[in-house]
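Hi,

Have a look at it first, then read on.

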Amino acid sequence: MSLKPKPQFHLFISPCAFQQVSAMGDRAPSNHSEGTDFILVGFQVRPELHLLLFLTFLLVYTMILLGNVGMMAIIMNDPRLNTPMYFFLGNLSFIDLFYSSVIAPKAMLTFWSESKSISFTGCVTQFLLFALFIVTEGFLLAAMAYDRFIAICNPLLYSVQMSTHLCIQLVAGSYFCGCVTSVLQTSMTFTLSFCASRAIDHFYCDSRPLQRIVCSDLFIYKMVSFFVSSIIILPTMTVIIVSYMYIVSTVLKIRSTEGRKKAFSTCSSHLGVVSVLYGAVFFMYLTPNRFPELSKVASLCYTLVTPMLNPLIYSLRNKDVKEALKRLLKKKMVSFNSLLPVT
């Protein structure tokens, strides 16, 4: 009696849409060399909706580019915005612009084309850069909270305490923490043994979706990741919460309603940005693994929606930014008119 060969499971991409890999697929570990591609599953929607997703991502990404580049241009071109608050805000726009650029173009490409693969090197690069910028933003938001605390609680000492040297140190420290964390997390993740089925059930290379296709034991990895996340989230959240506790306490002591309103307006934009970012991050990582689509929606909030909203929040609720924008537009209009021929 001849033995029948065991059936092999393969990953197929149909011309119309990606076919989700069966849960009974090949779970054998495979060599994680740079020559092996991953597959980005993306959103589990009908093929005819891929164009709609592409156009939506394109619109959001265009708004991110215009908003954040515009914010940086306003801050750099107006000497009146040469203050610590706007120094931090300019760096926030820079970070938002770059970490959304790590995600959006590749996601749009997977919606537009039939190929949904991403190379091992591309996945590592995307994972590394996104981790770098998102961690840096967390520390930068903590620095911005400290800046608002000094401005409201110690206004007479603000120019002394928030010196140019200290501001540069805070921003450089944020980038340093982001670099160290991203290198550590990336090296830990991509030294794991991935399964032969390399379908990442997400629209970019992120930690939790990658864990689902790992065949090696994840206990030590999860413990180290939890420790790293704790030393990122706990200090930044502590600085933000304590700063705002002092801010609220100080503002409530102000007798005039107009004074309280003015004090709150200087930090309401920052508080809104913090709430959107951390709310989306916590929602994603607290969502059970059996609901990957909810994780994707939460990921959209802090990878694309937050970078799109940040310039709007700071420009619409900030009198200084609106006045600087008017001055910049007026200056550009005068320059444009001077180039026109005189009739």
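The second largest cavity in this predicted model is lined by D201, H202, R208, P209, R212, M284, P292, S295 and K296. Two helices, α6 (207-211) and α9 (292-316), each give two or more residues to that lining. The largest share is from α9, with 3 residues. Sorted by class, the residues around the second largest cavity are 4 charged, 3 nonpolar and 2 polar. The space inside comes to about 30 Å³.

How many cavities of 30 Å³ or more does the structure hold? There are 2, so let me turn to the other one.

The largest cavity has a volume of about 50 Å³. Around it you will find M85, F88, M144, D147, R148, T266, H270 and Y314. If you want to locate it by helix, look at α2 (84-112), α3 (120-153) and α8 (257-286), each of which supplies at least two residues of the lining. Which of the helices provides the largest share of that lining? It is α3, with 3 residues. The class count for the largest cavity is 4 nonpolar, 2 polar and 2 charged residues.

The axes of α2 and α5 come within 10 Å and cross at roughly 20 degrees. Because that angle is under 35 degrees, α2 counts as roughly parallel to α5. As for handedness, the crossing of these two helices is right-handed.

On the α2 side, the residues that meet α5 are P84, F87, F88, N91, F94 and I95. Their partners in α5 are C167, I168, L170, V171 and Y175. What is the make-up of this contact by class? The contact of α2 with α5 has 10 nonpolar residues, 1 polar residue and no charged ones.

Happy browsing, and do write back with any questions.

Best wishes

Technical notes
Residues are numbered from 1 along each chain as its sequence is written. This is a predicted model: local features need pLDDT of at least 70, side-chain atom pairs count only at pLDDT 80 or more; totals for chains, interfaces and linings use all residues. Side-chain values use heavy atoms; hydrogens and water are left out. On a 1 Å grid over the protein atoms alone, a cavity is a set of points where a 1.4 Å probe fits but cannot get out, and a pocket is an open set with protein on both sides within 12 Å along at least five of seven lines; lining residues have an atom within 4 Å of a point. Grid points are joined across faces, edges and corners, and a volume is the space filled by probe spheres set on the points. Helices (H or I, at least four residues) and strands (E, at least two) are DSSP runs, numbered from the N terminus. Ala, Val, Leu, Ile, Met, Phe, Trp, Tyr, Cys and Pro count as nonpolar, Asp, Glu, Lys and Arg as charged, and the others, Gly among them, as polar. Axes are lines fitted to C-alpha atoms, for helices over the stretch in contact, and angles run from 0 to 180 degrees between N-to-C directions. Angles under 35 degrees count as roughly parallel, over 145 as roughly antiparallel, 65 to 115 as roughly perpendicular and the rest as oblique. A crossing is left-handed if the near helix is turned anticlockwise from the far one by less than a right angle, and right-handed if clockwise. Contact means heavy atoms within 4.5 Å.
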